[in-house]
Amino acid sequence: MDTLYLVIPCYNEEEVLPETSSQLRNKIQSLIQKGRISPQSRIVFVNDGSKDKTWEIISKLHEEDKIFQGIKLSRNKGHQNALLCGLMTVKDHCDMTISLDADLQDDINAIDEMVEKYYEGCDVVYGVRSARDTDTFFKKFTAEGFYKVMKMMGADVVFNHADYRLMSRRALDGLQSFKEVNLFLRGVVPMIGYKSDSVYYERKERFAGESKYPLKKMLAFAWEGITSLSTKPIKMISVLGGIIFIVSIIMLIYSIVRHFMGATEIGWTSTIVSIWAIGGLQLLAIGIIGEYIGKVYLETKERPKFIVEKYLSDDDNN
């Protein structure tokens with residue numbers, strides 16, 4: 001039997017942790033009783049600089065039952081870095097990991113099928129939403145639009161998959177070889193290769209607390225993913241610049257022809273529109289290129305993606 005570690009990033013999750021811990025403990029114990037995973041399997045909560053009592057709850061859970069472990073980051077580093085921290089911290093202690101959110105909107109019953117696919121030889125198993133019936137029209141439209149835009153930009157992402165996935169130790173070793181600071185795991189994990197598969201589930205309503213991804217944060221996350229995985233925005237600027245250059249040549253020819261026809265009056269409207277169009281395009285181009293330069297700047301600094309302040313493990317010596 002192989003060892004499974006569940007890795008759950010947490011940011012201000014005091015309202016959901018009691019119920020989440022109970023459900024996950026039952027799920028792990030059920031799989032142990034069925035002989036599908038080792039009794040050494042664990043549930044690891046990663047505290048991403050929470051401002052509420054999240055870490056106190058994690059510490060208490062660990063004291064009461066060693067099936068729970070806790071990792072405390074020195075400060076808030078964001079969901080992706082917190083998740084990576086958890087995966088990299090536990091990878092040498094387990095044979096497979098499953099990452100999921102603390103609110104348990106992702107159906108934990110899919111864990112059973114993920115484990116089965118692991119034993120069938122899959123190194124990565126993606127949890128994919130079968131439908132978005134519980135989402136509002138706006139949420140559904142923007143979420144599905146995000147995946148379509150990512151595909152269009154050349155990013156190899158799994159449609160309707162977030163960060164609910166199983167990874168084998170071999171896949172985690174592959175993930176560790178990616179050194180970029182600007183991390184977008186949904187796009188990086190498919191680059192690892194190895195055999196993969198998907199399981200499908202229906203997402204539930206959040207039973208307590210508030211979403212940690214409002215619209216503003218979702219848009220920032222989407223932009224981070226696009227600019228971290230694709231250079232197409234820069235290529236699009238080049239294409240757009242070429243199109244405008246061709247249009248300018250056409251307008252030059254048109255102006256010469258009109259000159260010889262005796263119609264030389266210059267239109268005020270066309271002049272103003274041209275100035276605004278070119279000026280706006282230049283600012284857009286500078287902004288996008290600046291975004292990439294900023295990312296290069298951060299990458300060259302090689303700052304750590306996370307710093308662990310404390311790790312509550314089986315031996316408590318960390």
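Is the crossing in which H3 passes H6 left-handed or right-handed?

Mentor: H3 passes H6 in a left-handed crossing. Keep in mind that this is a predicted model. Two packed helices are described by the angle between their axes and the distance between the axes. For helix H3 (residues 79-90) and H6, the angle is about 125 degrees and the axes lie 10 Å apart. Angles from 65 to 115 degrees count as roughly perpendicular and those over 145 as roughly antiparallel, so H3 is oblique to H6. On the H3 side, the contact is made by Leu84, Leu87 and Met88; on the H6 side, by Leu172, Leu175 and Gln176. Sorted by class, this contact has five nonpolar residues, one polar residue and no charged ones.

H6 also packs against another helix. The axes of helix H6 (residues 169-176) and helix H7 (residues 185-192) come within 9 Å and cross at roughly 115 degrees. That angle makes H6 roughly perpendicular to H7. The crossing of H6 and H7 is right-handed. Here Ala171, Gly174 and Leu175 of H6 meet Leu185, Val188 and Ile192 of H7. By class, the contact of H6 with H7 again comes to five nonpolar, one polar and no charged residues. Leu175 of H6 takes part in the contact with H3 and also in the contact with H7.

As for the setting, the protein has ten helices and eight strands. Of its 318 residues, 42% are buried. Among contacts between residues at least 6 apart in sequence, 83% join residues at least 24 apart.

Terms used. Residues numbered from 1 in each chain as written. Predicted model: local features only at pLDDT ≥ 70, side-chain atom pairs only at ≥ 80, totals over all residues. Heavy atoms only, no water. Axes fitted to C-alpha atoms, helices over the stretch in contact; angles between N-to-C directions. Helix = DSSP H or I, 4+ residues; strand = E, 2+ residues; numbered from the N terminus. Parallel < 35°, antiparallel > 145°, perpendicular 65-115°, else oblique. Left-handed = near helix turned anticlockwise from the far one by under 90°. Contact = heavy atoms within 4.5 Å. Nonpolar A, V, L, I, M, F, W, Y, C, P; charged D, E, K, R; others polar. Buried < 20%, exposed > 50% of the residue type's maximum accessible area, 1.4 Å probe, protein only.
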